[in-house]
Amino acid sequence: MRPNWPRIALVLVAIAALVGGLVWGGAVVWSNATKQPLPMDDQCRATADGATVTLTPEQAVNATLIASVALSRDLPARAVTIALATAYQESGIRNLDYGHADSIGLFQQRPSKGWGTVKQIMDPFYSSGKFYDALVRVKNWRTSDINDVAQAVQRSGYPDAYRKHVDKAQVLSSVLAGATAAGFSCTVDSPDKADAADLTALIAKALKSRVEVRISGSTVIVQASSERIAWAVASLAIAHTEAYGVTRVSVGAADWVHDPHTVASWTGIGGGRNVTIAVKS
């Protein structure tokens, strides 16, 4: 009997489709469970000391706001690490409008426990500020175990849950708080239209007296109070590529140019306190 090649080919195609579907389904389940983007998704990466953390653009926006609020209060990178480890556990660094009981927001703070109104807690600036208010009241927060400090703030039913996020939080803190230069990049397939005015307002609101910001055409020019703050500004702008149409960020002679197809690397050797941010013209 001759092989029925058309039928065999049809069976093989069906098997390939089934396997592909299972692989894709598994990838989606993994992405949902880990709160990390798939390789083809829009994404951001923070790299410090040879370690890389991948975020969705939503997570990146929230993480940079959390870091900026700490910097505006002159808090050290350790405060940012504690806050990010907490936000990882509580919300996956997403600004959730739901949670256990009446818990909401980045840190799953509860209106019924005095953290603020629903509207206030859903504002990342407010919720981050309230977290830091509670953090600095924890005895020995600068030196005690990060998990234990986070638990002292949150009083969670899972007191050791923050520990597994510390390594990622330390990488993010080093980059987003400006200790590691040129460590942050994002790729977004379809950024929104340029909005230099709103980006300027965001940077001024996020970092307050730590920056002076002005607009020149389609370019936002920032004078930071230190080189560390300059790199934090760069990360903040890049994280908002999708919202404000950011195309290029420079810190001194270091340059980042957005690539919609891949996570672009920084070029050049930068430094200093001057940051220029170009948006789509």
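**View 1. Val53 sits in strand E2.** In this predicted model, strand E2 spans residues 51-55 and includes Val53. Is Val53 buried or exposed? Its relative accessibility is 7%, so Val53 counts as buried, because buried means under 20%.

**View 2. Val53 and its contacts.** Let us now look at what surrounds this valine. Setting aside neighbours within four places in sequence, Val53 is in contact with Cys44, Arg45, Ala46, Tyr88, Lys168, Val171 and Leu172. Look for Ala169 here as well: Val53 and Ala169 are 116 residues apart in sequence, but their C-alpha atoms are 8.8 Å apart in space.

**View 3. Helix H7 is mostly covered.** This helix runs through residues 166-176, and eight of its 11 residues are buried. Which ones are the buried residues of H7? They are Val166, Ala169, Val171, Leu172, Ser173, Ser174, Val175 and Leu176. After H7 comes Gly178, with a positive phi near 90°.

**View 4. Phe184 and the residues it touches.**

**View 5. The largest nonpolar core.** How many residues does this core have? There are 80, and those with the most contacts inside the core are Tyr132, Phe184, Val249 and Ile277. Helix H9, residues 227-239, supplies the largest share of the core, with 10 residues.

Technical notes
Residues are numbered from 1 along each chain as its sequence is written. This is a predicted model: local features need pLDDT of at least 70, side-chain atom pairs count only at pLDDT 80 or more; totals for chains, interfaces and linings use all residues. Side-chain values use heavy atoms; hydrogens and water are left out. A nonpolar core is a set of buried Ala, Val, Leu, Ile, Met, Phe, Trp, Tyr and Cys residues joined through side-chain atoms within 4.5 Å. Buried means under 20% relative accessible area, exposed over 50%, partly exposed in between (1.4 Å probe, protein chains only). Helices (H or I, at least four residues) and strands (E, at least two) are DSSP runs, numbered from the N terminus. Contact means heavy atoms within 4.5 Å.
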